[in-house]
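Open the model in your viewer and keep the selection tool at hand.

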Amino acid sequence: MSDHALAARLATEAGELLLEVREEFAGADALDRKDAGDRRSHEFLMAALAAARPEDVVLSEEGADNPARLRAERVWIVDPLDGTREFSELGREDWAVHVALWQSGELVAGAVALPAQGETLATPDVPAPAPVAGPPRVIVSRTRPPAIALAVRDELDGTLVEMGSAGAKVSAVVQGRADVYVHAGGQYEWDSAAPVAVARAAGLFTSRIDGSPLVYNQENLSLPDLIVCRPELADAVLAVTAR
């Protein structure tokens, strides 16, 4: 099985597991639902990757950082449950599972499962979104939209779209339901690795907010800002964010 197919399969199967957890804990406290989802998805992905790619290193949000990854040629970067708050709120669809592969300095495969939407976006073949029809749609957190995203919205004469997890936001741009995702204020490598791999496969522009490349498998796992947008909007977005 190719790395692309493996990423897609594992993200999808972890998502199916999370739907079962959500149903099992439907009557429980939201915190218990979050904890069970994080734990079970992490355990599934770690076991599945150990079986399928035993020589590779895995970096998971829910696991201890293995320093061997800094010497490895292949590192899987996973977020077993991106958007725990949205997952815990029954009925919400804006949460995801991220599975990405970093190899020799680059993201080479990735999948973002959107279990509640019944969809998995995966490399290598991701359809490009249809052309923009109307004012650019800038996607932001529903609870804490960063000032930089509001500045981009104002500069582009755009509109805001509110959504939960980072994976759901990037996926919305890939799906053509939004046009720009700008974030500043704190994320880690697992928040964006798989979404960025998928976005690049769809032909979208990706970078840090200063225009520099997004670099993964670094000693410092903080990757606090990013841009994912349609390529025709990149210059206009960077004109705001790089100031």
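The model is predicted: local features need pLDDT of at least 70, side-chain atom pairs count only at pLDDT 80 or more, and totals for chains, interfaces and linings use all residues. Residues are numbered from 1 along each chain as its sequence is written, and side-chain values use heavy atoms, with hydrogens and water left out.

**Core**

Select I77, V174, Y181 and Y216. These residues have the most contacts inside the largest nonpolar core, which has 37 residues. A nonpolar core is a set of buried Ala, Val, Leu, Ile, Met, Phe, Trp, Tyr and Cys residues joined through side-chain atoms within 4.5 Å. Next, colour the elements that give two or more residues to this core: strands β1 (57–60), β2 (74–82), β3 (96–103), β4 (106–114) and β10 (225–229), with helices α5 (166–175) and α6 (189–201). Helix α6 supplies the largest share, 7 residues. Elements are DSSP runs numbered from the N terminus, helices being H or I of at least four residues and strands E of at least two.

**Salt bridges**

The structure holds 11 salt bridges, each defined as a side-chain nitrogen of Lys or Arg within 4 Å of a carboxyl oxygen of Asp or Glu.

Select R137 and D179, whose closest N and O atoms are 3.0 Å apart. This pair links distant parts of the chain, 42 residues apart: R137 is in strand β6, and D179 is in the loop between α5 and β8 (180–184). D179 is buried at 0% relative accessible area, while R137 is partly exposed at 25%.

Move to R208 and D225, which form a salt bridge of 2.9 Å, N to O. R208 lies in the loop between β9 and β10 and D225 in strand β10, so the bridge ties together parts 17 residues apart in sequence. R208 is partly exposed at 22% relative accessibility; D225 is buried at 10%.

R9 is partly exposed at 33%, as is E13 at 29%.

Then select D3, R53, D56 and R74 together to see a network of salt bridges.

**Backbone**

Which peptide bond is cis, with omega near 5°? Select T123 and P124: the bond from T123 to P124 is the cis one. P124 is in the loop between β5 (119–122) and β6 (137–141).

Two residues with positive phi come next. S104, not a glycine, has a phi of about 50° and lies in the loop between β3 and β4. S104 counts as exposed at 55% relative accessibility. N217 has phi near 55°, positive in a residue other than glycine, and is found in the loop between β9 (205–207) and β10. N217 counts as buried at 6% relative accessibility.

Notes:
Buried means under 20% relative accessible area, exposed over 50%, partly exposed in between (1.4 Å probe, protein chains only).
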